[in-house]
Amino acid sequence: MITIAIPKGRLFESTYNLLTKMGYDLGRIKREKRRLIFDFPEYELKIMIVKPMDVVTYVEYGAADLGIAGKDVILENMADVYEPLDLGFGYCRMVVAEPKEKPQIERVIGLKVATKYPKIAERHYGKKGIPVEIIHLYGSVELAPLTGLSHQIVDLVETGTTLKENNLVEVETIFEVTARLIVNRSSMRLNYKKITSFVNAVKRAL
Ligand code: PRP
């Protein structure tokens with residue numbers, strides 16, 4: 001059996017379609033909506049459904065052999081995992097944004113930045129030598145500058161609609177994000193044949 005951690009949320013549908021294209025009939029996952037782990041003995045496969053931010057943790061600790069995670073989540077967790085494939089889907093960008101009418105470019109002292117990605121934000125401003133106070137939020141980060149909680153945000157932008165509807169503008173792109181296939185380092189060594197054949201099957205389906 002190999003165990004794969006797949007993310008709920010935005011990447012779920014593309015991940016499900018990819019696995020279907022690889023020939024796996026995983027209909028049960030959609031029917032049993034609250035179940036978190038599924039055995040598919042016919043494919044020697046176990047599938048775990050986890051929060052996107054947790055995929056790398058399951059893979060890094062070896063609770064899952066493989067996982068599908070956004071580059072944002074991989075960088076935030078600084079995970080020590082093998083990353084053999086860029087899956088190409090789930091494209092978005094990690095950006096710095098701020099209110100249209102209150103640019104912070106000149107403000108380098110006391111800058112407050114709200115984000116769901118504290119480590120990425122810390123590293124970004126650190127590289128620039130800008131001291132910041134990072135405010136860790138768990139969602140709807142765009143609200144922070146509108147309410148005076150922060151001056152800027154570091155967050156993902158996909159279509160740009162959320163920024164636009166909240167009168168925020170991008171200041172810069174930190175990096176581009178796509179979904180990646182990740183593999184636990186010991187599983188890769190101990191289960192080399194099965195894992196490489198799975199990785200090759202993913203490549204073919206892509
Ligand atoms: C993400 C992200 C932005 C939004 C960007 O949030 O954090 O808020 O999507 O998408 P857009 O550019 O297409 O508008 P998500 O929907 O995951 O919700 P959350 O803020 O509650 O985490």
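Predicted model: local features only at pLDDT ≥ 70, side-chain atom pairs only at ≥ 80, totals over all residues.
**Entry 1: the largest pocket.** I began with the largest pocket, whose volume is about 900 Å³. I found 33 residues in its lining, and Arg-10, Asp-72, Lys-116, Tyr-117 and Leu-156 lie nearest its centre. I then noted which elements give two or more residues to this lining: helix 4 (71–77), strand 9 (152–157) and helix 7 (161–165). By class, I recorded 14 nonpolar, 10 polar and nine charged residues in the lining of the largest pocket.

Entry 2: I noted about 210 Å³ of space in the second largest pocket. Its lining includes Lys-8, Gly-9, Phe-12, Lys-33, Arg-34, Arg-35 and Ile-49. I recorded six charged, five nonpolar and one polar residue in the lining of this second largest pocket.

Entry 3: I traced an open sheet of six strands with mixed pairing, in the order 2-3-1-4-11-5. Its edge strands, strand 2 (37–40) and strand 5 (82–86), each pair on one side only. The twist from one strand to the next averages 25 degrees. I followed strand 1 (residues 2–7) alongside strand 3 (residues 45–50); the two run parallel and are joined by six bridges. For Thr-3, I found Lys-46 as the bridge partner in strand 3.

**Entry 4: helix 1.** I saw that helix 1 (residues 12–21) lies across strand 1, strand 3 and strand 4 (66–70). Helix 1 runs at about 145 degrees to strand 1.

Conventions. Residues numbered from 1 in each chain as written. Heavy atoms only, no water. 1 Å grid on protein atoms, 1.4 Å probe; cavity = no way out; pocket = protein on both sides within 12 Å on 5 of 7 lines; lining within 4 Å. Points joined across faces, edges and corners; volume = space filled by probe spheres on them. Helix = DSSP H or I, 4+ residues; strand = E, 2+ residues; numbered from the N terminus. Nonpolar A, V, L, I, M, F, W, Y, C, P; charged D, E, K, R; others polar. Pairing = 2+ DSSP bridges. Axes fitted to C-alpha atoms, helices over the stretch in contact; angles between N-to-C directions. Contact = heavy atoms within 4.5 Å.
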